[in-house]
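Hi everyone, thanks for coming. I'd like to walk you through one structure today, starting with the whole chain and then moving to a few individual spots. Here it is on the screen.

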Amino acid sequence: HLDAATFQVGYQLKLLTTAVFSYFMLDKRLGMREWLSLLLLTAGVSLAQISASKSAASHMNTTGGFIAVLLAAVTSGFSGVYFEQIVKSSGTSLWMRNIQMGVGSIISAFIGVYLSGELPAVREFGFFHDYNAIVISVVLLQALGGLIVAVVVKYADNILKGFTASFSIITSCILSYFFFDFSPNTEFVIGAVLVNVSMYMYSTPTNKQKIDDNSNNEDRARQSPSDEV
């Protein structure tokens, strides 16, 4: 019910839900700039929704599509914050956590196959019946994306993460223009710009955060075994 570009813009609401869950679950306090960026994000997504409503085809239910995006943003925000809480509160490696979550996903997926009524077809034709190159490519891309997210969580900083999210929106707009006859109107362009600006504002550390990070790095360096020797 939504085109790919509108979905990418709307899905950035996970930044807002992540901030809310971080406030309650991790006791994270937000500054004035972070709250302003979240307001810009909400305004940008609202404009994208208005744009989608105006340009939607007759068979598309943009309201239902945005409700689905909102639910996805809520679940993404909660799972991301909960994952961060688990990683920071235990000594289990990030890769082991990914394996644990993967096993849980496989179990839930099999339950979905059973509830959807597809189990008799699976028994008769096999689980991989009608798997073509497109389906396999999607599966591999999703798996690769999960591994990349794990690497981003471990190695990348928030600035790089914000830039890559903005790049994904721009890429989706360009590909949608060539493959799906997507023609962005004024509301969508303004909304996309607001979303990108909000992500940049939210992810860029303030001078105080930079000073605190440098202080923490210096403290860890003083406490390292090599320094003690």
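**The overall picture**

Of the 229 residues in the protein, 24% are buried, where buried means under 20% relative accessible area, exposed means over 50%, and partly exposed lies in between, with a 1.4 Å probe and protein chains only. Before I go on, a word on the source: this is a predicted model, so to speak, in which local features need pLDDT of at least 70 and side-chain atom pairs count only at pLDDT 80 or more, while totals for chains, interfaces and linings use all residues. Residues are numbered from 1 along each chain as its sequence is written, and side-chain values use heavy atoms, with hydrogens and water left out.

The protein has 11 helices and zero strands; helices here are DSSP runs of H or I with at least four residues, strands are runs of E with at least two, and the numbering starts at the N terminus. Now the contacts, meaning heavy atoms within 4.5 Å. Among those in the protein with a separation of 6 or more, 79% join residues 24 or more positions apart.

Let's go to helix H1, residues 4-11. Which of its residues are buried? They are Ala 5, Thr 6, Gln 8, Val 9, Gly 10 and Tyr 11, so to speak six of the eight, and H1 is mostly covered. At the start of H1, a side-chain oxygen of Asp 3 comes to within 2.8 Å of the backbone nitrogen of Thr 6. That is a polar contact by our rule: a pair of N or O atoms within 3.5 Å, where within protein one must be able to donate a hydrogen and the other to accept it, and residues adjacent in sequence count only if both atoms are side-chain atoms.Two packed helices are described by the angle between their axes and the distance between the axes. The axes of H1 and helix H9 (residues 186-203) come within 10 Å and cross at roughly 35°; axes are lines fitted to C-alpha atoms, for helices over the stretch in contact, and angles run from 0 to 180 degrees between N-to-C directions. The crossing of H1 and H9 is left-handed, meaning that the near helix is turned anticlockwise from the far one by less than a right angle. Ala 5, Thr 6 and Val 9 of H1 meet Phe 188, Ala 192 and Val 195 of H9. The residues of this contact divide into five nonpolar, one polar and no charged, with Ala, Val, Leu, Ile, Met, Phe, Trp, Tyr, Cys and Pro counted as nonpolar, Asp, Glu, Lys and Arg as charged, and the others, Gly among them, as polar.

On to helix H3, where we find Ser 37. Is Ser 37 buried or exposed? Ser 37 counts as buried, because its relative accessibility is 0%. Its side chain reaches the backbone oxygen of Glu 34 at 2.5 Å. Leaving aside neighbours within four places in sequence, Ser 37 is in contact with Ser 198, Met 201 and Tyr 202.

Lys 54 also sits in H3, and at 57% relative accessibility Lys 54 counts as exposed.

Finally, a loop residue: Asp 27, between helix H2 (14-25) and helix H3 (32-55). Its phi is near 55°, a positive value in a residue other than glycine. Asp 27 is exposed, at 52% relative accessible area.
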